[in-house]
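Me: I'd like to go through this model with you, starting from the overall fold and then moving on to details. Could you keep the answers careful?

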2 protein chains.
Amino acid sequence: MNANATSLTGAILIGARDLAADRSFRAVDPARDSAIEPAFAEAGPAHVAEAAALAAAAFPAYRATAPEARAAFLEAIASEIEALGDVLVERAGLESGLPAARLTGERARTTGQLRLFASWVRAGGADEPRLDSPQPERKPLPRADLRLRHIGVGPVAVFGASNFPLAFSVAGGDTASALAAGCPVIVKGHPAHPGTSELVGRAIRRAVAACGLPEGVFSLLTGTSHELGSALVADPRIAAVGFTGSRAGGLALARIAAGREVPIPVYAEMSSINPVFLLPEALASRAEALAAGFVGSLTLGAGQFCTNPGLVIALDSPGLDRFLAAASAALGGAPAATMLTPGIARAYAGGVAALEESGAAQTLARGRADGGANACRPALFVTDGAAFRATPALAREVFGASALVVRCADVEDLLAVARAVEGQLTATLQLDEGDHALAAALLPVLEEKAGRILANGWPTGVEVCHAMVHGGPFPATSDVRTTSVGTLAIRRFLRPVCYQDLPAALLPAAVADGNPLGLPRLVDGAAQPGAAP
Amino acid sequence: MNANATSLTGAILIGARDLAADRSFRAVDPARDSAIEPAFAEAGPAHVAEAAALAAAAFPAYRATAPEARAAFLEAIASEIEALGDVLVERAGLESGLPAARLTGERARTTGQLRLFASWVRAGGADEPRLDSPQPERKPLPRADLRLRHIGVGPVAVFGASNFPLAFSVAGGDTASALAAGCPVIVKGHPAHPGTSELVGRAIRRAVAACGLPEGVFSLLTGTSHELGSALVADPRIAAVGFTGSRAGGLALARIAAGREVPIPVYAEMSSINPVFLLPEALASRAEALAAGFVGSLTLGAGQFCTNPGLVIALDSPGLDRFLAAASAALGGAPAATMLTPGIARAYAGGVAALEESGAAQTLARGRADGGANACRPALFVTDGAAFRATPALAREVFGASALVVRCADVEDLLAVARAVEGQLTATLQLDEGDHALAAALLPVLEEKAGRILANGWPTGVEVCHAMVHGGPFPATSDVRTTSVGTLAIRRFLRPVCYQDLPAALLPAAVADGNPLGLPRLVDGAAQPGAAP
């Protein structure tokens, strides 16, 4: 890797061109509360229009790429990111305050995700072809030859998240799944990590060039203004939006998308407090171990995970008292970790203060106050079921290492609390065998509340695989029908097209006679395997 | 079938109860322009609330039905509809003006559709299970046991269409696919055929009872007010909406859905003029046959199909002149057929008059004017490519047997016209082998414009099968990612749920060890077949 690949220019990356702007901004090192060089160009509506025009121009050629070519492109992006070496982890750490070990793991997750989508595209996961045989002799009417494949919806706008500067940002899950679906991508980089974004953006650009793809397949717009994001979602050439961030931000983009002349889908992952149910037998048998696991999950990465366990629900019992004592002790000794941005640290402190002053919950424990600038001092609160159900503010997400324990009077109270929570990314059951009856009663409720249900684990940690669901009912996401992690995420950016009686010479390869791409296909309703990979 | 099953009461069907209302309305026989007995209760917001409460109460039990039970229910509906006998076809004919032969075919399509969804549910098409094996030894972190299945999104509101009183109405495709997905259904019956709706609604109710399902699985609200539909879409217990009808109606419902505290998806099929491209060689070799086929498709059912060919695009040529002469002659002799409602007949006459007076198109031919009340007098117009592109009003749907031919100066003009059309349900190519090069240039454009591309056929006639797409870009539908006909339609009403490390005793059967339901499942990314059906 030569020096140019890892030096930062602060430019806006529109296809193959570097563009400047009148205004600029700098990233902030949250640990030192100080600005970091260089200055980054502040993209505006004119840049959106240029990027969107390039993306629209690139779409026909890009969506026509064969699975092998598209998979090779995804793999090339992964390799280019790896080739950036330590510079990427260092810059991401400087801009996010996250430790190098975490970022090294996140980088592996990012490249692994790109390679998983590559394998899924090769396995026909983008095309999902279906063929129905003609029945020329059928009475009263013959049946035509019908073949279906999926194609990309068009250029996709991706909003990078602050809390995963690699895995949910420029080359994160939204970008990987949209590119896998055959859609050009325009990323609106998160202003908290513009340097990390530029490094990864240039890696993608190199992969575009190396694979001989049209430049408009990828652009990166950096900026701090709401105007930039609004212009991107409103652009008529954008066909779908992926977003991870705040509830207010996601809802604002969804409103813009719904108000367009041609409305488009917004996949916004927004807000989740991830309830954990500590069932009685599990509490009785291992309250202290549960407390240790809980505090570890709560304080991991300063609690800055979408799946952070912010709500604990249990029956009033000696086991719960033991859990609270152990959790309070562990939390009291938990160090204050630097948060991603000064704004996030302020919002966290404000959310915790509001709970402290609410009168509806009692403060059980706070973590150590010895962190530096923008540190997150963990917090644990307790309330009862009636107060929780009567006080919607208690169920609001406090982004960071803050959790609320709800002490329930009885099973009915516990089920009522479960029914009262909003939509969630996850719900967790801590249970022993003697808890199965209660768990069976809870499960149908939780299935309607969350996208993922865990037993005897902690919700932080989202496996990238085929069976993952990182999604859930509103307000966890704006679209309950899908996931933003795992191979199923590709369906967000696909649409079906049917070909009726098209001459063989004109049929796309995915649905052609003889299955030239070797894809698994549904033929007359029966799954037919593809060529072995 | 006893007499009670086929006698009409005019009641609102809320679960198992018949409800009355303060106000009522009657259907109109469009052929005689006269009201038909009996009076039907005018449902209002209070009925919506009752039906929604019952549907929400029924949802947990209904979505938990095993594939076999749900499939048997769908088949029971089909049998109950058949058991209604001639009364159904007679009443539907009286209310719609459609001939008995068409309605008999439509009834077969309706019952066949229910049975296809039954077979698809048995084949795992609702659950679509995915399993990823645990990897306890993986470094640096073990992988959990992850299993995914799909469940229904919740109660679905279905708006019956006027133009298919059976196949897109009370027990039509939206209802069949929502029930197949495990969602209770509340139908807002189309006020043009309330008697047909009541007959079919009672058939569904009998199937609900015979299958031992909770009564709230199905309700039928009949009424004429916008207030009724608005209240239904706004009800917080409704999770998704299926609609077939006008662009204005679909957009109004989409706005209500997007403005809810918890937004929900609206699958609205709205507006399509279904361009037909007559390529030069085909025109030269068989202009007269094309004209005959075209006029047959255009005037079928008084042109009242979503897929009616309302736009014909061809290069200026002697072949096109022959086509126009033959089509004009055939259309001039086409009888005036009764339209579905007086309102539709008025809108058709107004749309044709607007084209006649637009100055942007010339009237080529009109059909016979000897129809009775509310007859559709077919109309054929011609314009050129430049005028078409400059006059958006020419591309607006005129629901009924009206079509516009666009005479293009050259291939560039023809491609420009293709790019200028809005989103469509279908696009058709009439082509011979010598037209393949031009067709290959058109195909990528058409794939981005339409959900289904036909060659050498006519778009009317939508096969119900696995590879069908009855959908398309806006404004053909409000959601390009799906179809309202065929087994893929079930995905509109499903959402994925993931189970992580759940004890075997608590796992749903669809993802349980040993595959007790015998469903095809994706295991570690590879398709595994189910038990043979």
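Reply: One term is needed at the outset: two residues are in contact if their C-beta atoms, placed from the backbone, lie within 7 Å. Please also keep in mind that this is a predicted model.

Me: What does the secondary structure of chain A come to?
Reply: Chain A has 15 helices and 23 strands.

Me: And what are the spans of its C-alpha trace along the principal axes?
Reply: Along those axes the C-alpha trace of chain A extends over about 75 × 65 × 40 Å. The radius of gyration of chain A is 25 Å, which agrees with the value near 24 Å that a compact globule of 533 residues would have. As for burial, 61% of the 533 residues of chain A count as buried.

Me: Let's turn to the two chains together. How many residues of chain B are in contact with chain A?
Reply: On the chain B side there are 58 residues, and they are in contact with 58 residues of chain A.

Me: Which elements of chain B give two or more residues to that side?
Reply: They are strands E5 (130–132), E6 (146–152), E20 (450–455) and E21 (494–500), together with helices H9 (247–259) and H15, all of chain B. The largest share of the side of chain B that touches chain A comes from E21(B), with seven residues. By class, that side of chain B has 39 nonpolar, nine polar and ten charged residues.

Me: Over in chain A, how do H8 and H9 cross?
Reply: In chain A, the axes of H8 (residues 226–234) and H9 (residues 247–259) come within 9 Å and cross at roughly 35°, and H8(A) passes H9(A) in a right-handed crossing. The residues that meet are A:Gly229, A:Ser230, A:Val233 and A:Ala234 from H8(A), and A:Leu253, A:Ile256 and A:Ala257 from H9(A). By class, this contact of H8(A) with H9(A) has five nonpolar, two polar and no charged residues.

Me: Changing topic, where is A:Ser272? Buried or exposed?
Reply: A:Ser272 is found in the loop between strand E11 (266–269) and strand E12 (275–278) of chain A. A:Ser272 counts as buried because 31 C-beta neighbours lie inside 10 Å, where the cut-off for a buried residue is 20 or more.

Me: What does A:Ser272 touch, leaving out residues up to four places away in sequence?
Reply: Apart from those, A:Ser272 touches A:Cys306, A:Thr307, A:Glu397, A:Gln424, A:Leu425, A:Gly472 and A:Ala476. As a separate distance, the C-alpha atoms of A:Ser272 and A:Asn456 are separated by 19 Å, and the two residues are 184 apart along the chain.

Me: Now the backbone. Which peptide bonds are cis?
Reply: In chain A, the bond from A:Lys139 to A:Pro140 is cis, with omega near 0°, and A:Pro140 lies in the loop between strand E5 (130–132) and strand E6 (146–152) of chain A. In chain B, the bond from B:Lys139 to B:Pro140 is cis, again with omega near 0°, and B:Pro140 is in the loop between E5 and E6 of chain B.

Me: What is phi of B:Glu128, and of B:Asn456?
Reply: B:Glu128 has a positive phi near 40° and is placed in the loop between helix H5 (100–122) and E5 of chain B. For B:Asn456, phi is near 50°, also a positive value, and B:Asn456 is in the loop between E20 and E21 of chain B.

Me: How many other C-beta atoms lie within 10 Å of each?
Reply: B:Glu128 has 19 of them and is therefore partly exposed, while B:Asn456 has 18 and is partly exposed as well.

Note on methods: Residues are numbered from 1 along each chain as its sequence is written. Chains are lettered from A and ligands numbered from 1 in the order in which they are written. This is a predicted model: local features need pLDDT of at least 70, side-chain atom pairs count only at pLDDT 80 or more; totals for chains, interfaces and linings use all residues. Helices (H or I, at least four residues) and strands (E, at least two) are DSSP runs, numbered from the N terminus. The radius of gyration is taken over C-alpha atoms; the globule rule is 2.2 Å times the number of residues to the power 0.38. A residue is buried if 20 or more other C-beta atoms lie within 10 Å of its own, exposed if 12 or fewer, and partly exposed in between; C-beta atoms are placed from the backbone. Ala, Val, Leu, Ile, Met, Phe, Trp, Tyr, Cys and Pro count as nonpolar, Asp, Glu, Lys and Arg as charged, and the others, Gly among them, as polar. Axes are lines fitted to C-alpha atoms, for helices over the stretch in contact, and angles run from 0 to 180 degrees between N-to-C directions. A crossing is left-handed if the near helix is turned anticlockwise from the far one by less than a right angle, and right-handed if clockwise.
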